[in-house]
Structures are given as C-alpha cells and as structure tokens.
Amino acid sequence: MTKNLKITVVGGGPGGLYFSILTKKAMPHWQIDVYERNKPDDSFGFGVVFSDETLGEFLKRDMQSYELIRSKFAYWDDIIIARDGQEVSSAGNGFCGCSRKTLLQLLHQRCQKEGVHLHFETNADDLSQFKDSDVIVACDGIGSAIRGQFEADFGTKIQLKKNKFVWMGSTKPLDAFTYFFKDTPNGAFVAHTYQYEAGRSTWIFECAPETWEKFEFDTYDEENTTQKLQEIFKTELDGHPLITNKSHWRQFPHVTNTNWYKDNIVLLGDAKATAHYSIGSGTKLAMESAIALSDAIVANPNDIETAFGVYEKTRRNTVEMIQYAANVSLDWFENMDRHIQHPFYQFAFGCMTRSKKVTYENLRIRDKSFTDKILQEFNNSCHSGLDSESPAAFTKFKLRELELQNRIVMSPMGQYSANDGLVNDWHFQHYTSRAVGGLGLILTEMTAVSNTGRITLGCTGIYSKNQIDAWKAINTFIHKNTKTKIGIQLGHSGRKGATKKPWETEDIKDKWELLSASPIPFNENFPTPKEMTLEDMDLITSQFVQATKNANEADFDMIELQAHHGFLLASFLSPLTNIRTDEFGGSITNRLKFPLRVFTEMRNAFPKEKPMSVRISATDWAENGISEEDVLIIATAFKDAGADIINVSTGNTVAYQKPQTGRMWQTPFSDTVRNTVHIPTITTGYIQDIDQINTLLLNGRADLVALGRPLLLDPYFVRNAQAYEEFQTKDIPNPYKMGISHLYPLKASERKQVEGMKKALKPKSNKK
C-alpha cells in the first residue's frame with residue numbers, strides 16, 4: 001500500500017515550487033506545504049534564462065507550466081559578442097528570458113491550482129515545527145540555513161570565486177543575448193545582458209578584483225555604483241537607465257555537497273549546488289533536479305532513503321558536469337584581461353567556446369557565417385597562403401627555420417621496447433608509420449641521456465654510437481619519404497627511474513642509484529634518491545650536452561627538454577620535490593637554476609637554426625605544489641634562454657596527486673602560458689578529434705596540438721582528418737595516392753551523417 005506523505009518544502013524558489021507542482025500532480029492525496037520567508041511578489045534579481053532543451057523538458061513534464069512560461073518569455077536565437085565598437089553575432093542558439101518575478105507568480109498559480117499550500121513571510125529555519133513531516137526539501141538558497149545546521153553531515157564546501165559582479169536591470173531593449181566587453185585603462189569589464197520581457201533587460205556587470213579596486217567601487221554605495229556603470233557603459237545603454245534591486249557587488253559562491261540528504265532532509269537548488277551565471281544554468285539546474293527528486297519520491301514513497309539515493313544517483317553526475325562546465329566558463333571570464341588582447345573574432349570565438357562544451361563544428365552547423373569570419377581572420381594572421389576556409393589544423397607553423405606542414409603533433413609516448421637503450425624494428429615502424437600518416441611533428445619518447453637516466457630497462461637512449469646510428473636510420477626514412485619533422489625528447493628519469501615496464505608485474509632487481517633534487521622517494525615502492533651534489537650536476541649537464549650533439553648527429557630536426565612529470569629536472573622545479581636549503585632550493589629563482597643551466601648549455605650546443613622546446617608541468621595537482629606564478633616565471637626564464645615553444649603538461653610530480661581530468665583538460669594551462677608569457681605552446685590532454693584540435697587553435701589556447709593515445713591505434717589519424725575536412729594535401733606518398741579516391745568519399749559520407757544527426761538532435765525551437 002502506498003503511503004500518503006506529508007512533504008515540507010522550505011524555500012519558495014523555482015526549484016521548490018516546480019517540485020511541489022509535479023509531485024502534487026502525481027500524488028494528489030499527499031500534503032505539500034511550501035514555506036517562503038518573503039512576500040509573494042518579492043523577487044531578487046531580474047530575469048532567468050532557459051534553453052530550448054530545458055523548455056522541451058518542461059513541455060513533457062507539465063504542459064500548463066510550460067504554456068504559462070512560454071506566454072511570458074522573450075525568445076532569442078542569436079548571441080552577440082560586442083567589444084569596444086565591434087560586434088559579431090552567432091545564430092542558432094535558442095534561449096528564452098523570463099522575469100524571475102513573473103516566473104514565480106506563474107508557478108504560484110500552478111501550485112494553488114494543484115492544491116499545494118503556500119505560506120509566505122514565514123521563517124522555517126526551526127525544523128522542530130516539522131517533526132511530523134515525512135520529507136523536508138531544503139531549497140532555501142545559496143545561504144541555506146537548513147544546510148548550515150548540518151554542514152558536516154552534508155559535507156558542504158563553499159568557495160568564493162575571485163571576480164566581482166553586480167546584478168542590475170535596464171529599460172534597454174535587446175534583440176539577442178549580448179556580451180558587452182569594455183577594455184578600459186583600469187582593466188576589462190563585461191556586461192552579460194538579455195531581455196526578459198518587453199521594456200526590461202538583465203545586466204550583470206563583472207570585472208576582476210584589481211579592476212574593481214582601480215575604479216574604487218569599494219567606496220561606492222548602490223547609487224554611486226549605478227552612476228559609474230552607466231558612465232562606463234554609456235554607449236551600450238544608449239540613454240537607458242540601470243535599475244537596481246539590492247544590487248550590491250558580490251563574488252560568486254561555488255557550492256558543493258558531498259551528501260545531498262540526511263535523514264528525511266534533502267537538498268535542492270542552490271542549497272545543493274550552484275552553477276555560474278555565465279552558462280545560465282542556476283534555475284535550470286534547480287528545476288531539472290526538481291524533476292528527478294519528484295520522480296524518485298513518487299516511485300519510492302515507502303522508502304524515503306531509497307528515494308533520496310535514487311535522486312542523488314540520477315542527478316549527481318549531470319550536476320557535477322554542469323558545475324565543471326560552469327567553472328571552466330567562469331575561469332574564462334576571470335581571465336578576461338588576458339583574452340581581450342586577441343584579435344576580435346578570435347576573442348569572440350573564445351567567448352563562445354569557453355566552456356569546452358561548444359566547438360568549432362557545433363558553431364559551424366548553427367551559423368556558418370560566424371565561423372567563416374573566425375577562420376578567415378586566423379588564416380590571414382598565419383599568412384599560410386591557403387584558402388581562407390582551410391582548417392586551422394592544416395595551416396603551417398614555423399619555429400626558427402623549421403617549418404611544420406600542419407599543427408598536429410605526436411606526443412612523446414614510452415614504448416619500453418628498446419634493448420640497452422637501442423631502438424629497433426618496433427621503433428622504426430612506430431615512428432615511420434605515423435610520419436607517413438601525415439603528422440606535422442613527431443616527438444620521440446623520453447630518450448635517456450645516460451644508462452642510469454632511463455626509467456625502465458626498455459627505455460631508449462642516445463649516449464652511444466650504435467644508438468645514434470639507429471635513430472639516424474629512422475630519421476633518414478622520415479626525411480626521405482615524408483614531410484613530417486621529428487624531434488627528440490631528451491631527459492633523465494631522476495627519482496622515478498630503475499623501475500619495471502608498465503605491463504610487467506615484477507620490479508627489476510638490479511636497481512641503479514637514483515638522483516633527485518632532494519632525498520624524497522616517489523612512493524613507497526621506490527628507493528630514496530640521492531640528493532644531487534654540485535659534482536652530480538656537472539656530470540648530468542655534460543650528459544645532456546653530449547646527448548644534444550648526438551641528436552644533431554642523428555639528424556633530428558628539433559630537441560625537447562624533459563622538465564615535467566617529476567623526472568630529474570622537474571624535481572628541482574616543484575616545491576614538493578625540492579626541499580633543498582642551498583642556492584638550488586627555496587625560491588622559484590633558485591629552483592630554476594639547475595634546469596636552466598642544462599637548457600642553456602644544450603641551446604649553445606645545438607645549431608641556431610634548429611628549434612628547442614621545453615616540456616613542463618603547469619600544476620602538481622597537489623596542495624602546496626607549484627603555483628601559477630611559478631609556472632609563468634619558469635616559462636619566461638626558458639623563453640629568455642632561447643626556448644622556442646613550451647610544451648605544457650601537468651601533474652605526475654607526486655604519487656598522491658588529484659588531477660581534474662576531462663576533455664581537453666590541460667588546455668587552460670597552455671592558454672595561460674601562451675597568452676601571458678607570449679611564447680608559442682603545445683597543448684595535450686584528452687584531445688580526441690579534428691574538431692577539438694581546430695577549436696583549440698582558433699580560440700588561441702595553443703599553437704600546436706599534441707595527441708598521444710589516439711595515435712597508438714590510429715597512425716593515420718591525420719589522413720582520416722584531412723579526408724573528413726576535405727583538405728587536399730600534397731604530402732601523401734605516391735604509392736598511397738590511389739587511396740584518396742576511397743577514403744575521401746567515405747569520410748565525406750560519415751561527416752554528412754554526423755552533421756545530420758547533430759541537426760536532428762538539436763532541441764526543437766520554442767519560439768512563439
């Protein structure tokens with residue numbers, strides 16, 4: 001027998017009201033009471049935003065709510081990015097704006113019609129008054145008093161983000177969701193704006209804390225803040241005033257909870273999780289979670305703990321994905337001052353693709369005229385000589401006198417298949433097949449500068465004549481038969497050496513002495529390394545210099561210095577692995593001394609016309625690890641010493657790291673180095689297809705994109721991508737050219753199917 005539940009909802013926001021409507025519709029005999037501390041016509045903020053996708057979900061769940069909302073919203077299809085007099089629009093986005101006050105009034109109507117009891121101007125913080133309730137839904141906002149009472153049980157974490165923002169309205173009419181960017185002498189400013197009803201629009205002003213301080217907003221009251229913003233955005237407001245409603249400067253609170261429920265209390269809305277307004281998902285998140293909570297309770301009325309568990313299991317992954325995308329978007333706005341230096345269309349494209357959910361291909365399907373502008377500006381800036389519609393990935397790139405035929409790189413990937421450091425037939429096919437596959441640049445696996453610099457017994461080296469000759473045979477084939485260039489990554493394993501191959505189960509027995517900046521083992525399975533002495537540094541430096549000369553003798557086009565992932569040189573750079581008290585420890589300037597010495601002497605020994613790269617870890621993914629400031633100092637120092645490009649990786653410094661992985665997850669670090677230090681960068685990290693590569697190049701996050709695992713089972717990734725993009729390349733070897741007539745039509749058909757599917761899956765427009 002189904003139990004009749006008594007449900008108390010604390011907080012009369014959209015999430016709580018929508019939960020009440022859906023649940024009462026499904027179970028009319030249940031008692032549902034909503035308690036709201038404010039009056040029914042009170043509302044803070046101005047408008048809310050829904051996508052076509054979210055509106056479609058409302059349509060399926062409650063037609064009457066959908067029709068009420070739809071009757072009152074302002075709909076737009078375009079997003080406009082405007083910056084200091086320039087603007088560009090991107091169509092096909094499908095959003096609507098609705099007054100928050102109107103939305104609440106409409107949901108009040110629906111609650112009353114369904115028989116939900118609404119109690120206004122009621123303080124519900126004391127839960128003892130609801131001891132007879134079967135379920136208490138805590139949706140009392142960001143500053144949830146209920147959540148605060150049980151903070152430890154919920155595992156609440158609140159992080160204030162750095163940018164300052166203030167929420168206002170205006171009478172200015174808007175035809176599209178518009179970002180107004182201003183590059184002022186005090187720093188960059190943005191207004192996130194959209195119309196939510198006739199004669200009313202939302203204006204959220206945002207800037208960095210440094211900009212906020214320079215404008216002295218900390219000394220202004222609400223009236224003076226309004227006057228100052230009207231002055232800054234005078235052109236954009238076009239004579240229309242700003243409207244305030246408790247409009248005070250704030251910092252966005254990122255709220256997470258380890259547990260979403262305790263006993264009979266369950267969190268919903270901003271009390272549970274917040275998503276930054278730059279992706280317009282706060283109200284969406286609350287109302288979609290309301291659907292899941294209602295479904296779970298209706299399905300499990302006799303077991304509330306199970307119901308809550310189903311709710312959390314159903315929604316947690318989606319909520320965390322949205323929060324992640326929101327944080328990536330937020331990060332872009334926190335670094336406006338860095339992005340605003342880009343050419344206008346690249347800047348606009350960066351804004352549109354900032355959360356990494358939207359890519360070049362997505363936007364091209366929606367509005368080709370927008371992406372054509374982006375691509376033309378990029379190709380003109382490259383002076384590539386290619387057609388203005390040529391994909392970014394297939395433009396040339398030059399480092400010193402080395403010209404790469406495209407922007408796609410093979411990452412160093414250990415093969416662990418050498419004998420005594422000597423490459424063999426396996427390595428020959430590994431590198432030459434991918435060169436025939438059309439890569440712009442191949443970077444070899446980490447190649448040791450000495451026998452004791454190897455990670456495993458299967459690692460390659462370049463410290464003997466036989467090794468030089470074997471590498472030269474590979475390079476000769478590549479140079480003779482392809483246009484691909486090849487660079488060698490030179491390194492020393494440091495404290496991570498003398499270990500087994502990844503697929504082996506037993507560790508090696510005859511370990512050699514390990515070296516590191518400090519005597520700290522990598523983990524409990526590794527021996528404690530020796531802290532390097534000055535004599536050790538002299539010896540290692542000479543080994544790197546000799547390896548550099550050997551690499552040139554083997555006809556490598558380029559050298560990359562391994563200074564990442566906690567290996568020998570990287571162990572000096574991170575404060576987690578360098579606790580020295582001499583001149584090589586302490587400040588980042590001191591920690592840089594030895595790696596910089598090695599690079600400088602290598603650079604002096606390598607022909608001037610050949611470029612050099614340095615690969616670094618831009619974060620340790622661990623507390624008290626390397627800082628962003630450190631990384632920028634490191635990149636600048638290597639640039640000044642003659643590095644031509646920085647290969648930006650992350651982590652693997654310590655065994656207890658906690659990386660935040662996901663698609664294109666390391667690209668923000670490349671962006672930071674490239675656009676702060678103003679040096680070319682290589683990016684990598686879960687980049688899987690040509691669309692992502694084009695997106696990263698066009699939005700200025702990197703100059704070259706390196707692939708690792710995608711190339712292991714697909715050495716012809718580039719050929720497939722060229723066919724997919726219908727790019728007519730000239731470097732396919734003569735014996736293979738007959739394959740063009742098969743591959744190109746096949747990939748064209750596949751692309752047509754993919755694009756057709758994307759168009760079919762696009763949510764139906766809800767425009768009135």
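Leaving aside neighbours within four places in sequence, I646 is in contact (heavy atoms within 4.5 Å) with V614, I616, A635, F638, V673, I679, P680, T681 and I682. The model is predicted, so local features need pLDDT of at least 70 and side-chain atom pairs count only at pLDDT 80 or more, while totals for chains, interfaces and linings use all residues. Residues are numbered from 1 along each chain as its sequence is written, and side-chain values use heavy atoms, with hydrogens and water left out.

**Nonpolar cores**

- I646 is also one of the residues that touch the most other members of the largest nonpolar core, which has 108 residues; such a core is a set of buried Ala, Val, Leu, Ile, Met, Phe, Trp, Tyr and Cys residues joined through side-chain atoms within 4.5 Å.
- A second, separate core holds 52 residues, among them V9, L17, V48 and V135.

**Salt bridges**

- The whole structure contains 38 salt bridges, each a side-chain nitrogen of Lys or Arg within 4 Å of a carboxyl oxygen of Asp or Glu.
- R61 is partly exposed at 31% relative accessibility, and D295 is partly exposed at 35%, where buried means under 20% relative accessible area, exposed over 50% and partly exposed in between (1.4 Å probe, protein chains only).
- R674 and D703 also meet in a salt bridge of 2.9 Å, N to O, and both residues are buried.
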